[in-house]
Amino acid sequence: MDQQEKVIDLSKEHVLNNKVLSAEEQASLTPERVIEILKEGNKEFVEDRLTIRNNTERVRNASLGQYPKAVIVSCLDSRVPVEDVFHRGIGDVFVARVAGNIINEDILGSLEYACKVSGAKLVMILGHEHCGAISSAVKNTQLGNITQLLSKIQPAVKMAKETFKGEIAYSNPDFLEAVCYQNVENGIKEVRKNSPILKKMEDNGEIKIIGGVYDMESGKVDFMS
């Protein structure tokens, strides 16, 4: 054996072997239980208790259908590994990624597909600290199509300026954090306002629409109702 090669012997408890959900198992879940599962998974991530995923087996099991628990709208940022953050595997969650975790027509259509067509029980808008889109919106960056994207964050910037107690400046990380949280809250409102389908599902108790902010330094997600 090459001296550079190493063989690692893993016991079964070190492999994430929870099975891909069936339609019946997905249907039995409540939105509240899905939130608990995501919180439990994030706790495992924070405590560095991640397991190795048996991706090959999960790919085969999920090939003929998918019944994810939740759909998560996350920022494009490469430092936010959504499935890892919640200790989930293939087939567990839908993930829609767009800079600044903004809500637009295409994202809304994706959320409606995930919940109304595919049975997901939870919609989560996930922001994060040190977000480039947030800081660019605060700076009012004007650049190509990015300008139009950042315009969807500007309402959060405006609202944060009206409520933030402190220095309102791009250089103030506390102000950027306030904009981040406000942007998530605005995203939740946008989903409810512009998707009658999801609003009705939430009113009927079929789904919940919540937010969260990921702390890059600790790995913890602050869940927002």
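**Salt bridges and a helix contact**

In this model, Arg33 forms a salt bridge with Glu40, the closest N and O atoms being 3.2 Å apart. The model is predicted, with pLDDT of at least 70 needed for local features and 80 or more for side-chain atom pairs, while totals for chains, interfaces and linings use all residues. Residues are numbered from 1 along each chain as its sequence is written, and side-chain values use heavy atoms, leaving out hydrogens and water.

Q: Why is the pairing of Arg33 with Glu40 called a salt bridge?
A: The term requires a side-chain nitrogen of Lys or Arg within 4 Å of a carboxyl oxygen of Asp or Glu. The closest N and O atoms of Arg33 and Glu40 are 3.2 Å apart, so the pair qualifies.

Q: What makes Arg33, Glu36 and Glu40 a network?
A: Salt bridges link these residues. Besides its pairing with Glu40, Arg33 forms a salt bridge with Glu36, with 3.1 Å between the closest N and O atoms. Arg33 and Glu36 both lie in helix H2 (residues 31–46), three residues or about one turn of the helix apart.

Q: Which accessibility class do Arg33, Glu36 and Glu40 belong to, and why?
A: Buried means under 20% relative accessible area, exposed over 50%, and partly exposed in between (1.4 Å probe, protein chains only). Arg33 has 32% and therefore counts as partly exposed. Glu36, at 41%, is partly exposed, and Glu40, at 41%, is partly exposed.

Q: Is Glu202 buried or exposed, and why?
A: Glu202 has 18% relative accessibility, so Glu202 counts as buried.

Q: Which residues of H8 and H9 meet?
A: In contact (heavy atoms within 4.5 Å) are residues including Pro155, Val157 and Met159 of H8, and Phe175, Val179 and Gln182 of H9. The residues of this contact divide into eight nonpolar, three polar and two charged.

Conventions:
Helices (H or I, at least four residues) and strands (E, at least two) are DSSP runs, numbered from the N terminus. Ala, Val, Leu, Ile, Met, Phe, Trp, Tyr, Cys and Pro count as nonpolar, Asp, Glu, Lys and Arg as charged, and the others, Gly among them, as polar.
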